[in-house]
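Please prepare a short briefing on the structure below. Cover the pocket, the sheet and the aromatic pairs.

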Amino acid sequence: MATKNKTTETEAGVIDFINSFVDNEQKKHDSFALIELMKKWSGFEPKMWGPTIVGFGSYHYKYASGHEGDSMIIGFSPRKNEFSLYVVAPDKDYSSLLDKLGKYKMGKACIYFKKLSDLDVSVLEAICKETIQHLSK
């Protein structure tokens with residue numbers, strides 16, 4: 001039996017989400033800055049993916065197991081303690097760029113950081129553009 005993806009595109013408003021969910025002014029400012037940057041880099045309008053992720057663009061994937069679905073190409077979530085960035089494709093090596101990104105932690109598929117000023121935005125742009133190019137093939 002196929003499982004349904006938990007994170008799918010919704011009709012919820014991105015601006016409304018940021019204004020109601022983010023209670024820290026610095027995080028709110030960084031969220032709006034990320035929206036503008038990712039919109040510019042991707043060429044896509046921001047959309048909500050699930051209840052708490054702002055995503056840009058979409059692509060269809062299919063695993064060898066037969067599981068398939070749609071996901072955002074790049075995105076972020078302003079979590080309570082830190083931001084989660086969804087900007088790396090799992091099958092691509094970003095180590096040379098990540099070495100220059102700044103102050104962050106790497107999860108299995110996410111980059112976690114506290115504030116946008118902790119990152120080198122030009123390196124983040126390069127990571128996002130590589131991911132967009134890779135996933136758009």
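Helices (H or I, at least four residues) and strands (E, at least two) are DSSP runs, numbered from the N terminus. This is a predicted model, in which local features need pLDDT of at least 70, side-chain atom pairs count only at pLDDT 80 or more, and totals for chains, interfaces and linings use all residues. Residues are numbered from 1 along each chain as its sequence is written, and side-chain values use heavy atoms, with hydrogens and water left out.

**Largest pocket**

- A pocket is an open set of points on a 1 Å grid over the protein atoms alone, where a 1.4 Å probe fits, with protein on both sides within 12 Å along at least five of seven lines.
- The largest pocket holds about 730 Å³ of space; the volume is that filled by probe spheres set on the points, which are joined across faces, edges and corners.
- Its lining has 27 residues, and Tyr59, Tyr61, Tyr63, Ser71 and Pro90 are the closest to the centre. Lining residues have an atom within 4 Å of a point.
- Strand E3 (59-62), strand E4 (68-71) and helix H4 (121-135) each supply at least two lining residues.
- E3 gives the most, with four residues.
- By class, the lining has 15 nonpolar, seven polar and five charged residues. Ala, Val, Leu, Ile, Met, Phe, Trp, Tyr, Cys and Pro count as nonpolar, Asp, Glu, Lys and Arg as charged, and the others, Gly among them, as polar.

**Sheet**

- Six strands form an open, antiparallel sheet in the order E1-E2-E5-E6-E8-E7. Strands pair if DSSP finds at least two bridges between them.
- Strand E1 (46-49) and strand E7 (105-106) are at the edges with a single partner strand each, so one side of each has no neighbour in the sheet.
- E1 and E2 run antiparallel and share four bridges. Pro46 has Phe56 in E2 as its bridge partner.
- Three residues separate the strands in the hairpin of E1 and E2, where Gly50 takes a positive phi near 65°.
- Strand E5 (residues 74-78) pairs with strand E6 (residues 83-86) over four bridges, in the antiparallel sense.
- Ser77 stands opposite Ser84 in E6.

- The whole structure has four aromatic pairs. Rings of Phe, Tyr and Trp (its six-membered ring) pair if their centres lie within 6.5 Å; planes under 30 degrees apart count as stacked, over 60 as edge-to-face and the rest as tilted.
- Phe17 and Phe21 form a stacked pair, 4.9 Å centre to centre with 25° between the planes.
- Both Phe17 and Phe21 lie in helix H1, four residues apart, about one turn of the helix.
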